[in-house]
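Dear colleague,

I am passing this structure on to you, and my notes on it follow below. Please read them with the coordinates open beside you.

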Amino acid sequence: MSSASARIIRVALGVLAAFVVFAAIFVLGAYTGGRHPQKLPGFVRGWVVDDKGPGAINEALGVIRDQYYKDPGDAELRDDAIDGMVKGLDDRFSSYLNPKSYTQFKQSQDNSFDGIGVVVSQDARGLLIVKVYPDSPAKAAGLKAGDLITVAGGKTLKGLTSERASANVRGPAGTSVKLQVVRKKGKKERTLDITSQRKPVKIPIVDSAMRTEDGEKIAVVRLAQFTNDSALQVGQAFLKLQDRGAKRFVLDLRANPGGLVNEAQNLASLFLKGGNVVTLKGRTVGTTPYDAGDKPAFPKVPLVVLVDRGSASAAEIVTGALQDRGRATIVGTRTFGKGVFQRVEPLASGGALDITAGQFFTPDGRNLGDKKTQSGNGTAPGKGLAPDITAKDDPKTPNKDEGLDAALREAAKLKQ
């Protein structure tokens, strides 16, 4: 072998050896850097730790894991870190669902979960109970419509979304939850400590009834939330009442916090033929229009939509579409004013991020949120949708429903 060939081989072996050493350092550094980046030598740390992105987060987690005076637990540390990042967005509608909460969230989309048996709406201080189901743990514990749950399981519900707040109330069947409840009596409020058991609950999200006003048979269907197949259930309820002689409809969306956008599209499609229902716009999702189908089940039946300040999100999408396109008369009070939508992104940990992904606009281009939302400076509720006819329930008359009475009167007057 010539000396030149030998030198080439030695150089090649040297390069290979250097590459192997570098690769070993990088792999070891990447592994160590993932859990204990602070232990890496400075020259290696600079290669494998991204000090301006996820690497900086891993570094901080490593320091806490290694130096905090007691073991925080890997799962708890992970959940707290993700939760902290989401809270830092200062967005009341975005949230982190840990694995337990995410499981409960998916169950709620199928209207089945372990809980106490109430329908709630979002309130700045917690969860406002709208309805207590018969034979439910909540009924047995003495909870009433109008009660405000402010603390559940020792955790304050103030400022939380209805999903996050509800997750603190729900839990495994057979267990109990301690609640702090604010109850109004006249102009005064008092705080009660109530303990309620949990059991498997199947929530009927659609209630229907036949009512008569001025000799006219009117179908009244109330939708509690936009979950899987909710539009189908509403359509079936209206069809049954129509077969019994109803010629006018009232769609009650009061205290409906919203839910799935595609279900809002499906519900609006019961009454609209083609055309826009809502348009979603976002930084990463672009512009996405949702249109009605071409074969509405009830294209011309006289329709009233009943709303209140608890009607939000998908409920506002349906109401806004029917109002903009002149398909329904809106009765009640202003709606919640949520002009943004969320997307649920599952994580490898078993949890999920429920993140605000953009804004939604009615067919006339209206966005219902606060003006700050539209300039990117927060997600406060806006003015919402104004009703065509204002009607408000009187809390002093619990056995009377002034809002529904007004909706029935208006429905009876509508031309066929």
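What kind of unit do strand 11, helix 8 and strand 12 make? They form a right-handed β-α-β unit, with helix 8 covering residues 230-243; right-handed here means that, with the strands pointing away from the viewer, the path from the first strand over the helix to the second runs clockwise. Helices (H or I, at least four residues) and strands (E, at least two) are DSSP runs, numbered from the N terminus.

This is a predicted model, in which local features need pLDDT of at least 70 and side-chain atom pairs count only at pLDDT 80 or more, whereas totals for chains, interfaces and linings use all residues. Residues are numbered from 1 along each chain as its sequence is written, and side-chain values use heavy atoms, with hydrogens and water left out. The mean pLDDT (the predictor's confidence in each residue, from 0 to 100) is 85, and 84% of the residues reach 70 or more. Over residues 30-34, however, the pLDDT is below 50, and this stretch has eight contacts (heavy atoms within 4.5 Å) beyond near neighbours in sequence.

Strand 11 (residues 216-223) is joined by eight bridges to strand 10 (residues 206-213), the two running antiparallel, and by five bridges to strand 12 (residues 248-252), to which strand 11 runs parallel; strands pair if DSSP finds at least two bridges between them. Arg211 stands opposite Ile218 in strand 11, and Arg222 stands opposite Asp252 in strand 12. In the hairpin of strands 10 and 11, with two residues between the strands, Asp214 takes a positive phi near 55°.

Phe93 and Phe336 have ring centres 6.3 Å apart and planes at 70°, so the pair is edge-to-face, and it links parts of the chain that are 243 residues apart. Phe93 is buried (under 20% relative accessible area, with exposed over 50% and partly exposed in between, for a 1.4 Å probe and protein chains only) at 7%, and Phe336 is buried at 13%. Phe249 and Phe298, with centres 5.1 Å apart and planes at 80°, are likewise edge-to-face; Phe249 is buried at 0% and Phe298 at 2%. Ring pairs link Phe238, Phe249, Phe271 and Phe298 into a cluster.

Note on methods:
Rings of Phe, Tyr and Trp (its six-membered ring) pair if their centres lie within 6.5 Å; planes under 30 degrees apart count as stacked, over 60 as edge-to-face and the rest as tilted.
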